[in-house]
Amino acid sequence: MLGQLIRFGIAGVISTLIYSAVYLPLAWWVFRGNMAVLAVPPGFLVAATAGFFMHSAWSFKGHGQRDNSGRQHAKFLLVQGAGLVLNALFTWIITGPLFHGPAWAPLLPIMTLTPLATFALNRQWVFG
């Protein structure tokens, strides 16, 4: 499991860089201020797509079984949906009307808490 966690972490760093590359320009120049939460879905969609291929081919390689019936893809999408909700929640709380934080600040819980939650769900339910 340690090897999986390390591979998941490396893939997660790559996914976070991809997410940030899409989210931050949108949050800075398109959806400014408390509207930064609207930049979460496009960033997450691009990062989750890349993440699926990295995780299925590398992070969880050799763990569990692969299901080509579409069920595994659906489970992955549900886990990613939970991650999307977490990211949107962090962004809304931090940049929204309550705290008025900078657009980069939600990346801190997004890089730490969301990956822990999605790792557990992916390992046990999607790729287990």
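**Close-up 1. Thr-91, a buried residue.** Thr-91 is buried, because its relative accessible area is 0%, and buried here means under 20%. The model shown is a predicted one. Thr-91 sits in helix α3. Leaving out residues up to four places away in sequence, Thr-91 touches Tyr-23, Ala-36, Val-37, Val-40, Gly-96, Pro-106 and Ile-110. One of these contacts, Ala-36, is 55 residues from Thr-91 in sequence. In space, the C-alpha atoms of Thr-91 and Ala-36 are 7.0 Å apart.

Close-up 2. Helix α4 covers residues 107-126. A straight helix of 20 residues would span 28 Å, at 1.5 Å a residue. The end C-alpha atoms of α4 span only 25 Å. Where does α4 kink? The kink lies at Thr-114, and the angle is about 30°.

Close-up 3. The buried residues of α4 are Leu-107, Pro-109, Ile-110, Thr-114, Thr-118, Phe-119, Asn-122, Arg-123 and Val-126.

**Close-up 4. Helix α1 from end to end.** Helix α1 has 29 residues. From its first C-alpha to its last, α1 reaches 40 Å. That is close to the 42 Å expected at 1.5 Å a residue. A bend of about 25° lies at Ser-20. Ser-20 is also one of the buried residues of α1. Others listed as buried include Gln-4, Phe-8, Ala-11, Tyr-19 and Leu-24.

Close-up 5. Ser-15 is a residue of helix α1. Is Ser-15 buried or exposed? Ser-15 counts as buried, because its relative accessibility is 12%. Leaving aside neighbours within four places in sequence, Ser-15 is in contact with Ala-47, Gly-51 and Met-54.

**Close-up 6. A nonpolar patch on the surface.** Leu-2, Leu-5, Ile-6, Ile-10, Ile-14 and Trp-58 form this patch. Together they have about 560 Å² of accessible area. Which helix gives the largest share of the patch? Helix α1 does, with 5 residues. Leu-5, in helix α1, counts as partly exposed because its relative accessibility is 38%. Residues three or four places apart in an α-helix point the same way, because there are 3.6 residues a turn.

Terms used
Residues numbered from 1 in each chain as written. Predicted model: local features only at pLDDT ≥ 70, side-chain atom pairs only at ≥ 80, totals over all residues. Heavy atoms only, no water. Helix = DSSP H or I, 4+ residues; strand = E, 2+ residues; numbered from the N terminus. Expected span 1.5 Å × (residues − 1). Bend = angle between axes of the 7 residues up to and from the residue. Buried < 20%, exposed > 50% of the residue type's maximum accessible area, 1.4 Å probe, protein only. Contact = heavy atoms within 4.5 Å. Patch = residues over 30% accessible without salt bridge, like charges linked within 9 Å, V, L, I, M, F, W, Y side chains within 5 Å. Areas by Shrake-Rupley, 256 points an atom, 1.4 Å probe, with all protein chains shown as cover. Salt bridge = Lys/Arg side-chain N within 4 Å of Asp/Glu carboxyl O.
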